[in-house]
Amino acid sequence: MSMDRRSGCPINLSLEVFGDRWSLIILRDMIFGGRRHFRELLNGSMEGIASNILADRLKRLMELGMLTKADDPSHKQKAIYSLTEMAITLVPILAHLGAWGRVWLPVSEELSIRAELLEKGGQPMWDKFMDELRHEHLGKPLDTASDPSVRATLQAAYEALVASKALAADSAA
């Protein structure tokens, strides 16, 4: 993709890729939510992206080499989006962004539990997660199949916290 670049500064160039409101949200939903179809990305995000914006950002992320698109073998009229290695290597950056947000921004406990676990898990957890994403999106074999997956661990922690808060609310009522 040909982009007009303001400078060759790596921070500037990164912001030219991720500086819009939606690109990192789409990648977050693919990485952490396992969403790979247009409808899943459109309906599964709590931020409420419009369909035309989603289509534009998916196209842009493909042009930048962050995503690929293929026909979904399970459904003739669906396409499936896959992360590339370039996108998969964002896991540590997203972990750091989440850790920073937990410290400085008014996050909710439920929505920040994944960031907390990723921060505590550090590089070993990030490496395992990236290996799992490479398996899922690039078809690379896993060195060791260990259950549960990082995504499943993060989701289970989220669900346990939501259930605990619901139980506490019921008890208080």
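The model is predicted.

Start with helix α8. This helix covers residues 150-172 and has 23 residues. From its first C-alpha to its last, α8 reaches 33 Å. That is close to the 33 Å expected at 1.5 Å a residue. Three residues of α8 are buried: V150, L154 and L161. What do they pack against? Their partners are α2, residues 23-33, and α7, residues 109-138.

Y158 also deserves a look. The side chain of R114 lies over the face of the Y158 ring. The distance to the ring centre is 4.4 Å.

Now turn to the aromatic rings. The structure holds one aromatic pair. F32 and F129 form this pair, and the pair is tilted. Their centres are 5.5 Å apart, with 45° between the planes. The pair links distant parts of the chain. F32 sits in helix α2 and F129 in helix α7, 97 residues apart. Are these two residues buried or exposed? Both F32 and F129 are buried.

Next comes the largest pocket. About 980 Å³ of space lies in this pocket. Its lining has 27 residues, and the closest to the pocket centre are I25, R28, F32, E47 and L111. Which elements give two or more residues to the lining of the largest pocket? They are α2, α6, α7 and α8. Helix α6 spans residues 91-104. It gives the most to the lining, with seven residues.

Finish with E132. This residue is found in helix α7. Why does E132 count as buried? E132 counts as buried because its relative accessibility is 13%, and the cut-off for buried is under 20%. E132 touches L142, S149, V150 and R151, leaving aside residues up to four places away in sequence. V150 is also one of the buried residues of α8. E132 and L142 are 10 residues apart in sequence. In space, E132 and L142 are 6.9 Å apart, C-alpha to C-alpha.

Notes:
Residues numbered from 1 in each chain as written. Predicted model: local features only at pLDDT ≥ 70, side-chain atom pairs only at ≥ 80, totals over all residues. Heavy atoms only, no water. Helix = DSSP H or I, 4+ residues; strand = E, 2+ residues; numbered from the N terminus. Expected span 1.5 Å × (residues − 1). Buried < 20%, exposed > 50% of the residue type's maximum accessible area, 1.4 Å probe, protein only. Contact = heavy atoms within 4.5 Å. Phe/Tyr/Trp six-rings, centres within 6.5 Å; stacked < 30°, edge-to-face > 60°. Lys NZ or Arg CZ within 6 Å of the ring centre and 35° of its normal. 1 Å grid on protein atoms, 1.4 Å probe; cavity = no way out; pocket = protein on both sides within 12 Å on 5 of 7 lines; lining within 4 Å. Points joined across faces, edges and corners; volume = space filled by probe spheres on them.
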